[in-house]
2 protein chains.
Amino acid sequence: MNPLHSLTLGDLAREHRRSWPLATAVVDGDVRHTYPELDDRVNRLTNALAAEGVGPGDRLLWLGQNSHRVLESLLAAAKLGAVLSVANWRQSAAELRFVLGDLEPAVVFWQPLDGVAEVRDAAEKARWIQDGAEYETLLATGAAADPEIAVDPAAPVLALYTAAFDGTPNAALLSHAALIGHSLSLALARQMEPGFAYLNSGPLFHVGTAMFCLATFQLGGKNVFLPAYDAAEAARLIEAERCDGAFLFGPMIDALVEAGAGHDLSSLHAPAGSEAWNAMITVDTSPWSRAFAGYGQTEVGGMLTYSGYGVGGIGSHGRPSPLVQVRIVDPSGAELPVGEIGELVARGQHMMTGYHNRPALNAAKQTGGWHHTGDLGRRESDGTLSFLGPRLRMLKSGGENIYPVEVERCLATHPAVAECAVIGERDMEWGQRVVAVVVLKGEATAGELIAHCRDSIASYKKPSRVEFADAIPKRGYSPDYDALDAAYGGGGYPGS
Amino acid sequence: MNPLHSLTLGDLAREHRRSWPLATAVVDGDVRHTYPELDDRVNRLTNALAAEGVGPGDRLLWLGQNSHRVLESLLAAAKLGAVLSVANWRQSAAELRFVLGDLEPAVVFWQPLDGVAEVRDAAEKARWIQDGAEYETLLATGAAADPEIAVDPAAPVLALYTAAFDGTPNAALLSHAALIGHSLSLALARQMEPGFAYLNSGPLFHVGTAMFCLATFQLGGKNVFLPAYDAAEAARLIEAERCDGAFLFGPMIDALVEAGAGHDLSSLHAPAGSEAWNAMITVDTSPWSRAFAGYGQTEVGGMLTYSGYGVGGIGSHGRPSPLVQVRIVDPSGAELPVGEIGELVARGQHMMTGYHNRPALNAAKQTGGWHHTGDLGRRESDGTLSFLGPRLRMLKSGGENIYPVEVERCLATHPAVAECAVIGERDMEWGQRVVAVVVLKGEATAGELIAHCRDSIASYKKPSRVEFADAIPKRGYSPDYDALDAAYGGGGYPGS
């Protein structure tokens with residue numbers, strides 16, 4: 001591996017301590033670290049973990065809320081040639097157990113959140129290090145000298161679990177090169193500059209927040225961390241840290257408009273919204289905000305297309321990132337003509353390496369050297385792209401992807417359920433809510449079935465409503481979701 | 001080579017015909033091609049050249065002024081896995097002969113400019129194809145179907161000859177990955193968007209123009225070509241094509257201010273200048289223009305640092321591109337502390353592959369996996385970088401680098417010259433002019449010596465003034481340039 005053309009996340013930390021010696025890299029409560037302080041701490045953590053035997057290819061897991069230590073442990077993983085995963089702490093104990101067993105982490109950084117302590121048995125071989133004093137004690141044992149381990153930029157460094165589109169979650173592995181390429185592409189669309197200050201107000205286990213955290217880091221900017229969203233604290237931090245950007249959508253913005261009264265939020269550049277919102281912030285004119293976001297998924301590092309690259313065009317989701325190629329293909333992989341619906345496939349620098357530990361699934365997803373998104377799209381006559389929804393049906397609630405198959409599998413384990421199907425109904429606040437249609441073979445109330453789901457899958461995936469039926473309409477062997485939508489008020493699906 | 005993460009210049013042409021089917025890719029006189037038309041022509045040229053036996057690693061040479069066919073033949077080289085070089089047509093016959101012998105091109109695309117016909121013997125094995133009818137006839141023999149040849153993005157695709165810092169010019173080989181990375185970094189600093197229209201008003205053999213041509217292409221923008229600079233035609237084209245950018249400096253801008261009267265040049269976003277200039281154009285506020293340009297060289301694909309990433313800082317040349325690492329090192333390669341002067345070295349995605357056919361020089365330039373720029377710099381206490389001038393002394397006149405050693409070698413071949421040294425004097429119009437200090441051993445006038453240089457090196461390198469002396473002051477074995485500057489009015493060196 002010739003280092004001449006190489007750049008890793010660890011190299012960025014090395015460069016930034018030189019280029020931005022006085023700049024604040026992270027802010028988290030009372031913690032403020034400059035780039036040299038961040039890199040010193042990364043070096044100590046890297047050396048401490050290496051002394052524990054952690055090495056290339058090993059997995060680290062962050063099992064907690066947002067923290068400056070998420071970026072720190074990601075950079076330590078980067079310098080070790082290891083991989084950091086950030087777990088969705090809102091998951092049920094069963095789901096967390098699945099992740100721990102699947103990832104087989106060497107180290108788990110954990111916070112004492114509900115349910116975390118009880119799943120330790122699922123990763124008994126891991127070293128469990130509690131966030132806070134235990135983490136700091138470990139870090140202090142490491143030397144500050146940069147270990148200068150050679151790391152291939154094509155090696156994975158971040159693993160983010162995606163929603164369970166095939167019944168179980170899968171960890172998308174993203175390499176240094178993928179994250180660096182994606183960051184630059186995102187920074188171009190958002191017209192970010194060095195000094196950009198980003199409020200990490202969404203969860204870092206979600207690519208939507210992680211991608212902005214990384215782009216901010218890549219440009220030598222300032223990452224401000226909020227453990228979990230709190231509108232009053234967000235308003236205070238945006239004012240105090242002069243944040244340029246934040247992870248915000250629908251209900252989060254509504255709460256911020258209320259909490260922001262009396263705060264100067266003019267540093268925040270965001271897409272236009274209500275009159276009150278526009279008066280508080282600076283309306284952003286970058287392509288990113290001009291037509292909000294685009295089409296993306298964790299497996300492509302975040303964004304595949306930017307709506308702002310197709311403003312006024314026919315397609316709903318703009319044009320691709322300048323680092324990728326996109327095609328619309330039929331099930332055989334042959335490209336479809338303009339105007340026809342097929343699967344969106346892509347290749348380029350910011351595609352994932354593959355899912356952790358899923359050789360068969362990866363072979364299918366990467367057939368012919370194209371990443372198969374599992375989503376349906378169309379190329380329009382003006383070259384813009386439309387995203388039409390998942391090839392497998394998916395709901396979206398509060399920004400989270402929910403696959404009916406996962407909720408259905410959970411319901412089917414209840415002894416009173418003979419058959420079931422899950423649809424989404426439109427919801428003004430969250431986009432969609434989960435509706436279960438159930439055929440009983442025993443006795444169960446709606447409340448009992450909802451409680452059953454809450455016990456084994458994330459709370460946001462549980463049905464909000466259960467409809468009892470005599471039969472589930474079918475198309476072949478699968479539920480006829482269109483008929484179910486028509487009968488039970490389904491709608492509001494992503495891409496619709 | 002797994003295509004999953006791959007992207008070449010040819011792939012960009014493939015993507016753009018789909019994403020930008022209606023957009024104009026190139027404008028050149030009466031010629032206008034959309035992206036599908038450009039890609040069709042590229043495919044035909046690629047197939048026609050392949051039929052002639054041109055293949056991976058072969059060199060093509062463009063020996064002429066700017067044309068849409070420069071981009072076209074670059075993209076054909078890209079799809080073949082070959083390399084295009086663009087020759088400086090202002091060179092002397094001797095210099096062109098050197099380039100032809102050094103590059104050993106399989107194909108030369110040529111225009112009947114002064115001196116071109118007489119150098120054909122220096123590349124007798126090459127197929128010489130005249131720009132115009134002969135080029136079009138060749139292109140028409142190729143099929144329009146994309147040949148779909150697999151090309152490694154790490155393979156070189158563009159070769160640009162740099163100034164003769166070691167006595168002869170060297171061709172810096174830039175790979176697909178280097179050019180694509182550099183384009184994105186430049187687009188970020190210049191806040192370019194899809195639809196960007198660029199007037200190629202500088203020569204394409206110069207990286208300063210080529211890099212904007214490529215960034216415009218990468219974003220699906222419009223490249224407008226001017227064969228050579230002409231202020232009246234530039235004003236007409238900026239208005240007619242609503243150009244956002246153009247290659248312009250000092251005297252070119254002065255001429256445009258005069259020629260632009262009565263033209264609407266408001267589409268042009270450029271750095272602020274005179275009052276008359278600012279009133280004609282739109283003053284650009286991107287980092288690129290906020291503090292003009294930065295530090296760069298052909299060997300890094302164009303720009304290594306951006307002044308706009310260090311506005312108000314201590315250093316004169318800002319901070320690095322987000323895709324590179326920069327260090328200041330002593331002659332042993334050890335990093336120097338902040339504030340000390342040493343050689344600027346760098347690594348990252350947009351470094352050149354190496355010089356064509358210079359294994360020994362490449363080994364020296366790439367020692368330790370760092371590209372050695374040959375330039376002196378300093379890291380300041382705020383992390384910004386200062387460029388202090390070439391490690392080897394260099395002059396700059398009209399934007400062209402001139403190495404004294406090259407002019408001295410030329411003068412030394414005159415039978416009347418015993419010894420000589422070349423310095424630069426400050427010039428209001430061109431930055432610097434060349435001054436020769438000569439010790440005679442026979443009879444020659446200043447005019448004869450200047451004419452001697454005009455015959456064998458590019459006209460802009462010939463001395464403007466010759467001073468006769470009894471001896472050349474020395475420092476060791478080399479001329480004492482500082483003493484010569486003091487004695488003969490030298491000054492205005494780049495970085496000073």
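The following exercises, with worked solutions, concern a predicted model. Local features require pLDDT of at least 70 and side-chain atom pairs pLDDT 80 or more, while totals for chains, interfaces and linings use all residues. Residues are numbered from 1 along each chain as its sequence is written, and chains are lettered from A in the order in which they are written.

**Exercise 1.** Determine how helix α2 and helix α5 of chain B are oriented towards each other.

*Solution.* Helices are DSSP runs of H or I with at least four residues, and strands are runs of E with at least two, numbered from the N terminus. Helix α2(B) spans residues 35-51 and α5(B) residues 133-140; they pack at about 85 degrees with axes 7 Å apart. Angles of 65 to 115 degrees count as roughly perpendicular, so α2(B) is roughly perpendicular to α5(B). Next, contact requires C-beta atoms, placed from the backbone, within 7 Å. On α2(B) the contact involves R41(B), R44(B), L45(B) and A48(B), and on α5(B) L138(B), L139(B) and A140(B).

**Exercise 2.** Classify A416(B) as buried, partly exposed or exposed.

*Solution.* A residue is buried with 20 or more other C-beta atoms, placed from the backbone, within 10 Å of its own, exposed with 12 or fewer, and partly exposed in between. A416(B) has 15 C-beta neighbours inside 10 Å and is therefore partly exposed. A416(B) lies in the loop between α13 (404-412) and β25 (417-427) of chain B. Beyond neighbours within four places in sequence, its contacts are L440(B), K441(B), G442(B), E443(B) and A444(B).

**Exercise 3.** Identify which element supplies the largest share of the side of chain A that touches chain B.

*Solution.* In total, 40 residues of chain A contact 40 residues of chain B. The largest share on the chain A side, five residues, comes from α1(A).

Notes. Axes fitted to C-alpha atoms, helices over the stretch in contact; angles between N-to-C directions. Parallel < 35°, antiparallel > 145°, perpendicular 65-115°, else oblique. Contact = placed C-beta atoms within 7 Å.
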